[in-house]
Amino acid sequence: MAQVAYIDSMLREYLVFRGYSNTLKALDVEQRNEKDQHFRAERLIEHFNAAVQSSDLKALRALWLHLENNLFSKLDHTYATAVKKLENSLLKYYLVSAYSNNKPDKISEFFNKLASELQQQSEWKDWFFFSFCKNAEESPIFALYFTKQWQDTLLLSLRNFLTTVYQCLPQPTFVRAEQEAAYMQRLQDDNTRLRARLLQLQQEQQQQQQQLASASSSQNLSGGEGSTRRRNTCRHQQSLSDILPFDISPPGHIVDDFCIIASEANIVGQASEGQARGLKLLIRNIGSGSSPVLSRKDNGGDKSSSKHRSGSVGRSWI
C-alpha cells in the first residue's frame, strides 16, 4: 500500500501540473469513497444493477467488456467457464427486468443486437421464444428467473467473484516501479558478485594446472633417472659372472658318439671278413675233389677234427 500511496501523490502532482482540476476533484472523490476491495465490488454491482433496471444494454455491455479486458483476461483459463456463466446470467437478468418493467422494445433491441452471438450457444435456444411468450413468469422455462431468490443469488455470486478477482489481481506496472528498480539493482549486484567469483575460480584453476604441470615434469625426470638406474641394475644382474650353475652332478665318463660309430663299423668289418674266410675254405674243399661227408665216412678217426672244422666254419658264418 505504500507504493500505491506514493503513486497517488505523483498522479495528483501531475494533474496539478497539467491543470486538470476537474479530474483532480474526481480523483479525490474516488479516493474518499473507495475503502477496500469489497467496496469496489459493491460499486460495480451497483453499476450493473442500475444498468439492468434502466434497461441500458449499452452501459451493461460496456461495463462487462471493460472488466473482461482488464480483469477477467488476466485470470487462469479454468475460470473462463465461470465468467461466461455469470455473463449469460446477467443478460438473462436484463431480459427478465425489461419484461417485468413492460419494455418489449428493449427485449426486441436485445435480440436484434445479440442474436448472431447468442444463437451459437445452446442454452439460449429457448430464450428466442421469450419475446413472444405470454405470462413468461408462469412458464416452466422462465419462471425460475423471475424469482427474487435467483436474482439475489446472481448478484451475490457476482460480488463474491469480483471481490476474489480484485484480491488476486496483480498490481499495475507503474505501482511496482520502485520494486522493479530494487529488484534490478539486486540482480546487478548478484551478477557482479558471481562474475568476481567466476574470475577467482578461473585463476585458482590455472594455478592448479600449473602446479600439476610442474609436478608431472619433475615426476617424469625422477622417473627417467629411476628407470635408467633400474636398467643398469638389471644389466648388472644379468651378467654371466653373476649367474650360478645348477647343482647337477657330472656323468661318470664322457661318451663320444663318433667313437661309438667307429667301433660298430669295426665289428661289422670283422664279421664280414670271417664270412669271407669260411667261403674260401668251402670252395677249396670242393675244388680238391673230396666231399666233406665222404671224408667223414671214410675217415672216422678224423671225425672229431672235421666236426671241429665245420663247426668253426658254421660259427664263423653265423
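**Helices, core and confidence in a predicted chain**

With a relative accessible area of 45%, N135 counts as partly exposed; the label covers values between buried (under 20%) and exposed (over 50%), taken with a 1.4 Å probe and protein chains only. The residue belongs to the loop between α6 and α7, helices here being DSSP runs of H or I at least four residues long, strands runs of E at least two long, both numbered from the N terminus. Its phi is near 55 degrees, positive even though N135 is not a glycine.

The model is a predicted one, in which local features need pLDDT of at least 70 and side-chain atom pairs need 80 or more, while totals for chains, interfaces and linings take in all residues. Residues are numbered from 1 along each chain as its sequence is written, and side-chain values use heavy atoms, with hydrogens and water left out.

On to the overall picture. The chain holds 11 helices and 0 strands, and from the N terminus on, its elements read α-α-α-α-α-α-α-α-α-α-α. Of its 318 residues, 20% are buried. The accessible surface, from the Shrake-Rupley method with a 1.4 Å probe and, for residues, only the protein chains shown as cover, comes to about 24000 Å², with 56% of that belonging to carbon and sulfur atoms. If a contact is taken as heavy atoms within 4.5 Å, then of the contacts between residues at least 6 apart in sequence, 62% link residues at least 24 apart.

pLDDT, the predictor's confidence in each residue on a scale from 0 to 100, averages 76, and 67% of the residues reach 70 or more. Where pLDDT is low, the predicted coordinates should not be read in detail.

What about the inside? A nonpolar core here means buried Ala, Val, Leu, Ile, Met, Phe, Trp, Tyr and Cys residues joined through side-chain atoms within 4.5 Å. The largest one has 43 residues, and F48, F72, L95, F110, F130 and L162 touch the most other members. At least two core residues come from each of α3 (37-53), α4 (57-70), α5 (80-100), α6 (104-118) and α7 (148-168), with α5 giving the largest share, 9 residues. In soluble globular proteins, nonpolar side chains tend to be buried together. L162 shows who meets whom: beyond four places in sequence, its contacts are A41, L44, I45, F48, L67 and F72.

L162 is also one of the buried residues of α7, a list that runs W150, Q151, L154, L155, L158, F161, L162, T163, V165 and Y166. An α-helix has 3.6 residues a turn, so residues three or four places apart point the same way.

Residues up to four places away aside, Q151 touches Y93, V96, Y145 and F146. T163, also placed in α7, is buried as well, at 8% relative accessibility. A polar atom of the T163 side chain lies 2.8 Å from the backbone oxygen of R159.

Helix α5 likewise has 21 residues, and from first C-alpha to last it reaches 30 Å, close to the 30 Å expected. After α5 comes N102, located in the loop between α5 and α6. N102 is not a glycine, yet its phi is positive, about 60 degrees. With a relative accessible area of 65%, N102 is exposed.

Back in the loop between α6 and α7, F128 is partly exposed, with a relative accessible area of 27%. F128 and F111 are 17 residues apart in sequence, and their C-alpha atoms are 7.7 Å apart. Beyond four places in sequence, F128 is in contact with F111, A115, L118 and Q119.

Conventions
A polar contact is a pair of N or O atoms within 3.5 Å; within protein, one must be able to donate a hydrogen and the other to accept it, and residues adjacent in sequence count only if both atoms are side-chain atoms. The expected span of a helix is 1.5 Å times one less than its number of residues.
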